[in-house]
Amino acid sequence: MTRLVGTPAAPGMASGPLVRLEGGARTLRNASSPAAEREAIEAAIASAQEALALLCDQAGDEEAAGILAFQLALLEDDEIVRPTYQSIDNAQPADRAWQRVMDALIEDYQKSEQPYFRERVTDLCDLRDRVLDALHGGAEQSIPAGAIVLAEDFAPSRFLAVDWTGGGLVLRNGGTTGHVAILARSRGVPMLVGVDLERVVASGEALLDAHEGLLVFEPDVAEREEFERRRAAYAEQARADSRQLSVEARMSGGERVRVMINVAQPEELDGIDPQHVDGIGLVRTEFLFHGRDRLPGEEEQYHVYRRIAEWANGRPVTIRTLDAGGDKPIPGLTRGHESNPFLGVRGVRLSLHHPGVLMVQLRALVRVALHGNIKIMVPMVTLPDELAQCRAMLAQAVRDLRISGVPAQAPALARAVAVLPRLRLRGLMAIPEATDDPALQRRRFESLRELKDRLVAEGIPLDTLSMGMSDDLEAAIAAGATMVRVGTAIFGARPRVPTTAG
Amino acid sequence: MTQSATGSVLIQHEVGLHARPSVKLTQLAKTFRSKIEFGLSPEGPWVDAKSIVKVMGSKTPKGAVLHFQAQGEDAQAAVQALIDLIERDFEPAS
């Protein structure tokens, strides 16, 4: 057998050495001495504890923190730790000792009559795998550039870490609409799914034709020539197609059609010229959670959205708030085992259950609106009130950002002044509210410094930061002030001038 | 000085001893040096109140009565504190 067929998930052609990945199974530990295995499990549990405690702090809402606290409590429980140590003392490797104890507990929960306990199985598996990952040190088989990779399944985060130049991906599982397939298409990596890998006995060179859905092993000369001929034909076709990209889309009657793209991962934009599109019709924000179980903070979200907004360069960008739930569960956020998750607590309903999470996202979006033409889409709205609540929260985000001293209009004003031919914008000045709290003083001054840095990065050459007066100049200088005002310190407090009406 | 103490309390929490209340109960129990157990009847069987696996494993529903028994230098205080926790429905002490 020298040929296998599969379903094309991303078109393209590749030839290169075959690399077969072990089918998702972790490399098992070899038992060293019980003392060394004890040390290994102790370190793995400690690192899991540390990670969970950090997640707990950052969870941002009670629900997620509660779930993580449950996992943390399990890690500290003698009922779990003691039998693990016992197995280790009986010459079991640390990973199998841990897995055996956890699997027994998981089975117990799975068998429970009560749905509540069955739903906790996800948490227990999560905890089991977290410690196993720590034990295995996450060592993954390396993938050389240009290889044709054969695997049972493939994680999106891993896909992004591989140099696919000239290579391709062949999976036994996975679908054409999975995240890896979407990534493969956007990055031009040829990919097949549904290939019966058990029948692969060959190694060495292979040819992958992901247009036709063919994988050829140990090709002979004729097969190679045929492959190269088709590769050249597809390349010619692709060149012809690409000439269409910069042509404005119009109906036969001349009516202009706006062509927008969907973005599921910011990396997808790398291969696309913004000139070829009229904007982004939908940015899915679920990618923020991929490969992790932490809710990303405002700063991180802001930077990701900003990159997308700047790529679009003034073209409209519609960003959808988190659409988790249904077919897109997120551990620690969505509810497990709803009887019909597609109609359950998902989309905006889930977001309104976690207003803290939604607010972080809205604040990041409000801030990024200064850098582009941002529209916000709210997913799965069924009641007018859901939209009203989102609008109220958006208004609240704008108000809060204003009060917190992020000057929403300042960048736009600075840009407008900077282009005026007879004016030179030298710097920024602020007089924050009077306060004795040095931390608050410092925050206010630092937010002005950050604004100046941003404008400088945009190419507006500011050299002056005037902030701080007699009572708060230390915090101002610490934050980077180049000019302070010390009148009160020299001349004393001025008498208050009575205010008069009119 | 070793004391022993007992006490009982009705679980009114909406869902019984689920993950979050169990975490709070074990966290509080662990702050005491005494051995602390509870049972769903005054005769046991007894569950280690410091183990989340055991506490969750008791699958105690709403409306059950927990019977505590503790032994150790702070047994009295431990039973009182745990009963207080359950009586204020696992909310933080005011």
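1. In this predicted model, chain A and chain B bury about 1400 Å² between them, and carbon and sulfur atoms give 63% of that area. Of the area that chain A buries against chain B, A:Glu79, A:Tyr116 and A:Phe117 supply 32%, more than any other three residues. In terms of contacts, 19 residues of chain A meet 11 residues of chain B.

2. Polar contacts across the interface of chain A and chain B come to 4 residue pairs.

3. On the side of chain A that touches chain B, at least two residues come from each of α2 (62-75), α3 (78-89), α4 (94-110) and α5 (115-119). The largest share, 7 residues, belongs to α2(A). Sorted by class, that side of chain A holds 9 nonpolar, 7 charged and 3 polar residues.

4. A separate point concerns helix α15 of chain A. This helix covers residues 438-457, 20 residues in total, and its first and last C-alpha atoms are 28 Å apart, close to the 28 Å expected at 1.5 Å a residue. After α15(A) comes A:Gly459, with a positive phi near 105°.

5. The buried residues of α15(A) include A:Leu440, A:Arg444, A:Leu448, A:Leu451 and A:Leu455. Residues three or four places apart in an α-helix point the same way, because there are 3.6 residues a turn. Charged residues are also among the buried ones in α15(A), including A:Lys452 and A:Arg454.

Definitions and conventions:
Residues are numbered from 1 along each chain as its sequence is written. Chains are lettered from A and ligands numbered from 1 in the order in which they are written. This is a predicted model: local features need pLDDT of at least 70, side-chain atom pairs count only at pLDDT 80 or more; totals for chains, interfaces and linings use all residues. Side-chain values use heavy atoms; hydrogens and water are left out. Helices (H or I, at least four residues) and strands (E, at least two) are DSSP runs, numbered from the N terminus. The expected span of a helix is 1.5 Å times one less than its number of residues. Buried means under 20% relative accessible area, exposed over 50%, partly exposed in between (1.4 Å probe, protein chains only). Contact means heavy atoms within 4.5 Å. Buried area is the accessible area (1.4 Å probe) that two parts lose on being put together, summed over both. A polar contact is a pair of N or O atoms within 3.5 Å; within protein, one must be able to donate a hydrogen and the other to accept it, and residues adjacent in sequence count only if both atoms are side-chain atoms.
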